[in-house]
Amino acid sequence: MSERPVILVVTTDHRRKLESEFRSRYDRDYDVRFVPDGSGARDTVERLVAAGTPIAVLAAELTLPDVDGHVLLRQLHRVAPTAGRLCLIGIGEYRERLEELRIALTSRDFDTFLGVPRGQRDEEFHVAVSEMLSEWGATVARPVVSSVTIVTDRETPQVAAIRDVLARMAIASETYPPDSEIGEQIRQQAGDDQRFPMVRTMTEDVLVAPTPGEVTEAWFGTPDTIPAGTVADVVVVGAGPAGLAAAMYSASEGLTTIVIEAEAIGGQAGTSSMIRNYLGFPRGISGMRLAQRARIQATRFGARAFTGRPVTVVERGPVDEPEHHHVHVGETVLCARTVVVATGVAYRTLGVQGVDDLVGTGVYYGAAATVAREMAGRRVFIVGGGNSAGQAAVHLARWARQVTLVVRRETIEETMSDYLVREIAATPTIDVRTRSQVVDGGGDGRLEWIAVRSGDGDPVRERADGLFLLLGAEPQCEWLPDDVLRDDNGFVLTGRDVPRERWDGDLPPTSLETAVRGIFAVGDARSGSMKRVASAAGEGASAVPLIHGHLAWVRAQEFASPH
C-alpha cells in the first residue's frame, strides 16, 4: 500500500503536458499516477480503495477514448467519494462544450473544471489543484502534523466540542488513548491531576479537563492582557463573516480594533463544508478556510482577536469622560469608543429530551465537520431545510452510507439555494423527507435510534448513527442592554427601524446604528438582514464609514465642550 495519497490523472491527448505539470509539482508528497482511459481508471480506483490507499484527487480529460471525462468522474465518485474531482479541458473544447460542463458541474459530476496547462508556470492551474488538495487535507486526510494533542479515555461531549472548535479554526489535532506512548508522556507532564481529557497545546503546555474556551484561549490569549487604560476605537463582538469584515476594514483604516468571540472564529459560517455562491471563489470555499483567511487578514492589519469568553454586558462609560462604552468580558472590562454587534444566530434546540441528552455523542448542533469521517459507512440524519443543512448533507454523503434530510416544509426549494437543491438531487445516497420531523431518539450512551413522523402518520423508529440539527436561527443578543432595541423575535433594530421617539430630533440612527449612539449591529443579529454570508460581510464592511462618522461627531462634541 502506498504511504502517499494518490493523484490519479486520466489522460490521452495531453498526457505529456499533464505528466510534466503534475510530477514536477506534486510527486514529492503524492503518488501521481496516469492511466489512458476510463476502463483503466475504474480498475485502478477499485484496487486502491480495496487496499485502503487514500485518493486525494481524480483528474480526467473531458474527451477520452471510451467515455466522457465528466461521466467517468461521476462513476468514480461512487467508488471513492472523498476524492476531489477535476475535469480537464483543452482550449479548443471550451467554447463548444461550456454549457455541457456547466450542467455536469451542477449535477455534481465533478467539483470543478480546468483548462489543460498551455505552457510553463500556469499558476492559475496549480492554484486550483492546490486548493483542492488543501481542502482534502483539511477535511478527509488525517493530519500529518498536528498543533494540538488530545488524550482521553473515552468519547465525551467535551472531547467532541474541543475537536470541533479547533477544526472550525483550522487547527489540526490528534487524539490518543491514555495508555499510548504519547498518552503516557502527556499524563506524566500533567502530574497529579489525571482527569480527562488532557490537551497539549502548540506551546507544549498541558491543560487538564479544559473547556473548549480554555483551549482556544491558550491559542489566542485573553483580553485581560490588554493594558489598563486602553480605549479601543472599535470592539467587535462576534467573529463570523460580519464581525471579521468589520474588524478587517476598521483595522486597515487605522482604527484600534479588538474582536471578542465566545466560541470559534468564523461563527456559524465556519461550519459550512463548502460555500459555492460566494463572490470571488469560483471553485467554492469552505467556511473554515474563509474564516481562517479573514482572521489572518484582519490580524495582519492590527486587529486583536480573543476567543473563549462571551461578552456579558455593554454599558455607557462615565458621563464625565469622553463618550465611550464599557464591554465586560468575564471580569475584564474593555473601553470602546464604538461597539459592533456581530454575534449572529444560534441553532434552535430540538426540544426532545432523549435526543438533547446525547449532544456530542452522536447528536450535533451544526455541521460538526470534525465527526464527518466517523460517519463512514453509517446512516446519518440531518434536520433542517436551509443552505447550511444542504451543505452538510452533501459533505456527509462523502462518507455516510445513507444521508436523510428531514424537513418540515413541503419542499426544500422554499428555503435552499438552487445549486444545493441540484447537488442533493444528483447525489444518490441523499434522501429528502419533507413534511417530516424527528420526535424522539435515544441510545445507550450514544445515539442509536430516532423516531421520525412524516405528515400526519405515526412516528417510525429507525436506526441512526448520527443526527445533525440545523434548525434555523435565534439571535444571540440577550446580553445587550435594554436601550438597544430589538424586534419581536429578538433581532437588533437599526436605522429607520428604530422607533421614531428614539431618533435624534428628525434624524434616525445611521443605517446600521442601533438606538444607542455608537453601538452598531451587522449580519444575522440585525433585524431585516438577508442571513447570507456575502451580505453579512458586506454589512460588516459598511459599518466602518459609519464608525468614522460617529468618531468625528464625538471629536466635534469634545471640541465644542467648554470643559
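Me: Why is His324 called buried?

Reply: This is a predicted model, in which local features need pLDDT of at least 70 and side-chain atom pairs count only at pLDDT 80 or more, while totals for chains, interfaces and linings use all residues. Residues are numbered from 1 along each chain as its sequence is written, and side-chain values use heavy atoms, with hydrogens and water left out. Buried means under 20% relative accessible area, exposed over 50% and partly exposed in between, with a 1.4 Å probe and protein chains only. His324 has a relative accessible area of 8%, and is therefore buried.

Me: Where does His324 lie, and what is it in contact with beyond its neighbours within four places in sequence?

Reply: His324 is placed in the loop between strand 13 (311–316) and strand 14 (325–329), where helices (H or I, at least four residues) and strands (E, at least two) are DSSP runs numbered from the N terminus. With contact meaning heavy atoms within 4.5 Å, and with neighbours up to four places away left aside, His324 is in contact with Arg316, Gly317, Pro318, Cys335, Ala336 and Arg337.

Me: What makes the pair of His324 and His326 side chains a polar contact?

Reply: The term requires a pair of N or O atoms within 3.5 Å, where, within protein, one must be able to donate a hydrogen and the other to accept it, and residues adjacent in sequence count only if both atoms are side-chain atoms. The contact between these two side chains, His324 and His326, is at 3.2 Å.

Me: Why does Leu420 count as buried, and what does helix 13 pack against?

Reply: Leu420 has 1% relative accessibility, so it counts as buried. Leu420 belongs to helix 13 (residues 418–425), whose buried residues are Tyr419, Leu420, Val421, Glu423 and Ile424. These buried residues pack against helix 4 (94–106), helix 12 (387–396), strand 19 (402–406) and strand 20 (430–433). Leu420 itself touches Asn387, Gly390 and Gln391, when residues up to four places away in sequence are not counted.

Me: What makes helix 2 roughly parallel to helix 3?

Reply: Helix 2 (residues 38–51) and helix 3 (residues 69–79) pack at an angle of about 15°, with their axes 10 Å apart. Axes are lines fitted to C-alpha atoms, for helices over the stretch in contact, and angles run from 0 to 180 degrees between N-to-C directions. Angles under 35 degrees count as roughly parallel, over 145 as roughly antiparallel, 65 to 115 as roughly perpendicular and the rest as oblique, and helix 2 is therefore roughly parallel to helix 3.

Me: What is the handedness of the crossing of helix 2 and helix 3?

Reply: The crossing of helix 2 and helix 3 is right-handed; a crossing has that name if the near helix is turned clockwise from the far one by less than a right angle, and is left-handed if anticlockwise.

Me: Why do strand 7 and strand 9 stand at the edges of their sheet?

Reply: The sheet is open, with four strands in the order 7-6-8-9 and mixed pairing. Strand 7 (173–176) and strand 9 each have a single partner strand, so one side of each is left without a neighbour in the sheet.

Me: How do you know that strand 8 and strand 9 pair?

Reply: Two strands pair if DSSP finds at least two bridges between them, and strand 8 and strand 9 have three bridges, in the antiparallel sense.
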